[in-house]
Amino acid sequence: MHEVLEREGKWDVDDRFRLPDLRGIVADADIEHDTVDLTSDYYDTSDRDLLAHRVQLRRRSGDADTGWQLKVPAADGRVELHWTSTEKLPDAAAELLSGISLGKQLASIATIHTVRDRYRLAEPGSGELYAEIADDSVRASANERLLAWREVEVELGPHTPSIPKRLVRRLKAAGARPSRFPSKLAHVLPQIRSVERVSPAARALLRYLDAQIDQIVLGDIELRRGQDPIHDTRVSIRRLRSTLRVFGKLLDQTSVEQLDEDLRWFAGLLGEVRDCQVQQRRFTEALDELPEELVLGPVRARIRNELQAIELPARARVTEAMDSPRYRAMMTVLRSWRTAPPVDLETRTAELVKRARKAQRKADRRLVAALDGDDFDSALLHRARKAAKRARYAAELCRDVGGSKQTKRTVKHYKQFQSILGDHQDTVVASALLRRLALASGTTAGENGFTFGLLYGREQRIADACRQQAREML
């Protein structure tokens, strides 16, 4: 298996269209031209579970890219995974899809045949790709539906930041129009969901929910690949849970309560892994700052072994959970929200703003209560941090309904509180671990707790500074 990041743009054209002159689009680029004949068979469940998440699985023939290809939405394009051509879907690919397919059988849903006139703009000498412009003549079939059309596709090279403006201008002048469809498969199959006729507030909610589900789906696939999307997946779960809580009364409650519990459960498992990652980096940086003569004994090894003893079983619990009925039930609800989101399509902007401001007032009360006086309660600070996060995420969502400068300032304000109190919470976790390590090393031959005591004192100073910074922000 290998992986590429696909970034492309698509234009609709008719039979009269003529591809414009490509010379000078990229200065001094070599232009290579060839024609390829491609056939792609697309696979999905009978309920279109992959398509609902904008994930595509196909088996392609007719080019150097022959084989199985899986396309997954990512922040700056689509991650495309490739396997060699086999009659049956490779087990590794089937495993990656087991979470979003909900365990259902995958079968062919469409066949697309493309005759592609391909023009590659490459750097002279090295041959590094700037962009590939494809003039595609397409025929497709799905069930008894037959279609034919023509389109232009521009795929960017790995170091090309965006489609050259000069190329866009020439395509438009020649009669090309930005495509109505994000992919050829979307052209063939009906849309999973249309959100065009909804209020601006409902659209903002839908977009925010979709963005978090996108990241959770990507995290599911990445975790099954053995990658490490722990942080991004956990943050998206937090944002989703925050939305359910702050705007819960604007949502259909049928599945919200159980989903919130399941998200909290899975985020907790991810958190056990993430805490170890954070602490390992934190202690490594702290030890690097200490003079070597103050690092007495096998301090680094003890920290590493202690954290690995926590992290490895925690990772195993995440893997086990992802094959459990509870996890599948959680993914089933997220899948259902793609086609039947729990959002009132007539939600008013005033209702959205009202609940966001309520979250801000709650965060302010908790922050004042936690920071009032000289006796700081770590539990109260942690609760205040969670409230600040909910206020921040709610304000982020409201930016999509004509957010003002004040909304941007609100996001920044609570993000600062979240960061400061997050650092404080890290010191709470780190201090407890350091105390345990100091006690263990103090009773082990050849070791002592001196360096752990220094690290503990450092954490206490950081905690004091965090509390002072937060108080100054009130």
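**The β5–β6 hairpin and its surroundings**

A hairpin of two residues links β5 to β6. What follows is a chat about this predicted model.

Colleague: What makes β5 and β6 a pair?

Modeller: Strands pair if DSSP finds at least two bridges between them. Strand β5 (residues 67–74) and β6 are joined by seven bridges, so they pass that cut-off. They run antiparallel.

Colleague: Which residue of β6 sits across from V72?
Modeller: That's V79, the bridge partner of V72.

Colleague: Why is β6 called mostly covered?
Modeller: Buried means under 20% relative accessible area. In β6 (residues 77–83), six of the seven residues are buried, so each of those six falls under 20%.

Colleague: And how much of the whole protein is buried?
Modeller: With the same cut-off of under 20%, buried residues come to 49% of the 474 in the protein.

Colleague: What share of the contacts joins residues 24 or more positions apart?
Modeller: Counting contacts with a separation of 6 or more, 73% are between residues 24 or more positions apart. A contact here means heavy atoms within 4.5 Å.

Colleague: How many side chains are positive and how many negative?
Modeller: There are 80 positive and 72 negative ones, and the centres of the two sets are 7 Å apart.

Key. Residues are numbered from 1 along each chain as its sequence is written. This is a predicted model: local features need pLDDT of at least 70, side-chain atom pairs count only at pLDDT 80 or more; totals for chains, interfaces and linings use all residues. Side-chain values use heavy atoms; hydrogens and water are left out. Buried means under 20% relative accessible area, exposed over 50%, partly exposed in between (1.4 Å probe, protein chains only). Lys and Arg count as positive and Asp and Glu as negative; His and the chain ends are not counted. The place of a charge is taken as NZ of Lys, CZ of Arg, CG of Asp or CD of Glu. Helices (H or I, at least four residues) and strands (E, at least two) are DSSP runs, numbered from the N terminus.
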